[in-house]
Each structure stands twice: as C-alpha cells, then as structure tokens.
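Biologist: Could you walk me through this structure, starting with the whole chain and then moving inside?

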Amino acid sequence: MKPLISISFFVGSFVFFVAPLFAADQSADEAAIRALEARQPEAWNQHDAKAYVNLFTEDGDCVNIVGWWWKGRAEIERKLTDAYVYVFKESTLYIANVHIRLLTPAVAVVHVRWTMTGARTPAGLPVPQQGIQTHLLQKKDGQWLIAAFQNTLSVPEMPFPKGPVTPRPGSTPKS
C-alpha cells in the first residue's frame, strides 16, 4: 500500500508543480505564434517578398489559392516578387482571426481567416477577397516558422440542399 501512496503523491506533486510550467510555455508559444501571424500582413502590405518569406522555414511549402505549389524560401520569394509587380502591387491583407492548436511543444496547426482588397488578378483566376489559410508551424531554435502553408478562398457557409440541385450550364448531370 505504501508504494501506491508514493506514486499518488508523486503524480499529485507533478501536476501541482509542473503543469503550470507547461501552461506558461504554452502561453509563451501562443504569443510567439500570434506575433508571427501579425508579421504576415505587415510584410504583405509592404509588398516585401523577403520579409514575407522569412516567416517560413528554409524548406517551407506554400500552396496558394489557385493551387500553385511553391517549394522552399527561394521559390516563394521569386514568385511573390513577381506577384508584387502588378497583381498584388496595391493589395492589402487583413487578418481577421487566428486559431492556434499546439500539437506538440514544437509543432502547431494555425488557421488564419483573412480578407484582401486591391488585388488585380488576370481573367480566369479568382479574385482573392476572403479565405482561410492553414499553417503547419514548426519551432526551430526557439523560433516559430511556417513549414507548410495552404491558402483557400472561402464564401459564407450555407445549408446543403435537401433535394435535387439544378445543374449549372455546361455541366452534365451523372446518372
């Protein structure tokens, strides 16, 4: 019976003394992640590809709203530099909401709701006005960086139809 008391005492002591340290670390990580996410619109709105790409790990990936997959800081910077010449030259990015989920002490998933004004996209491409980004963050050498970035346009959610849907022109219904 004594070993059970010792184990209970150890577990209770661990929770009482160590759990607050984990919570403090988590709060510090969340603050650091929010600071990283705040730098995103700052870099974007200055149209500074170098500052923007520094939010990523060296081998970070970026999938934009049209599904173009850019691999690594060098490619992301090259593509953004080109995009800032005309398409996003007058764009302004606003971050509306940041939701953080720490998976481990060094990995987090972050969902970012955003809106944008001023983008001038070519015909055939969607105009980025609002969406959700999914970031997989990695903590390296005490710094949170984006390892993977997925951007998706969004529209307000609505109920699914409960009956037949009229097909869009040009689409063929499946039998």
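Modeller: Keep in mind that this is a predicted model; in it, 29% of the protein's 175 residues count as buried.

Biologist: And what does the secondary structure come to?

Modeller: The protein has three helices and six strands, and from the N terminus on their order is α-α-β-β-α-β-β-β-β.

Biologist: Which residues have the most contacts inside the largest nonpolar core?

Modeller: That core has 29 residues, and the ones with the most contacts inside it are W44, Y52, F56, L80 and L137. Several elements give two or more residues to it, among them α1 (2-45), α3 (72-85) and β6 (143-153), while the largest share, five residues, comes from β4.

Biologist: Let's pick Y52, then: what is it in contact with, leaving aside neighbours within four places in sequence?

Modeller: With those neighbours set aside, Y52 is in contact with Q40, A43, W44, L80, Y84 and F149.

Biologist: Changing topic, is I146 buried or exposed?

Modeller: I146, whose place is in strand β6, counts as buried because its relative accessible area is 1%, and buried means under 20%.

Biologist: How far apart are I146 and F56?

Modeller: In sequence they are 90 residues apart, whereas in space their C-alpha atoms are 4.3 Å apart. F56 is also one of the residues in contact with I146, and others on that list include L36, L55, H135 and L137.

Note on methods. Residues are numbered from 1 along each chain as its sequence is written. This is a predicted model: local features need pLDDT of at least 70, side-chain atom pairs count only at pLDDT 80 or more; totals for chains, interfaces and linings use all residues. Side-chain values use heavy atoms; hydrogens and water are left out. A nonpolar core is a set of buried Ala, Val, Leu, Ile, Met, Phe, Trp, Tyr and Cys residues joined through side-chain atoms within 4.5 Å. Buried means under 20% relative accessible area, exposed over 50%, partly exposed in between (1.4 Å probe, protein chains only). Helices (H or I, at least four residues) and strands (E, at least two) are DSSP runs, numbered from the N terminus. Contact means heavy atoms within 4.5 Å.
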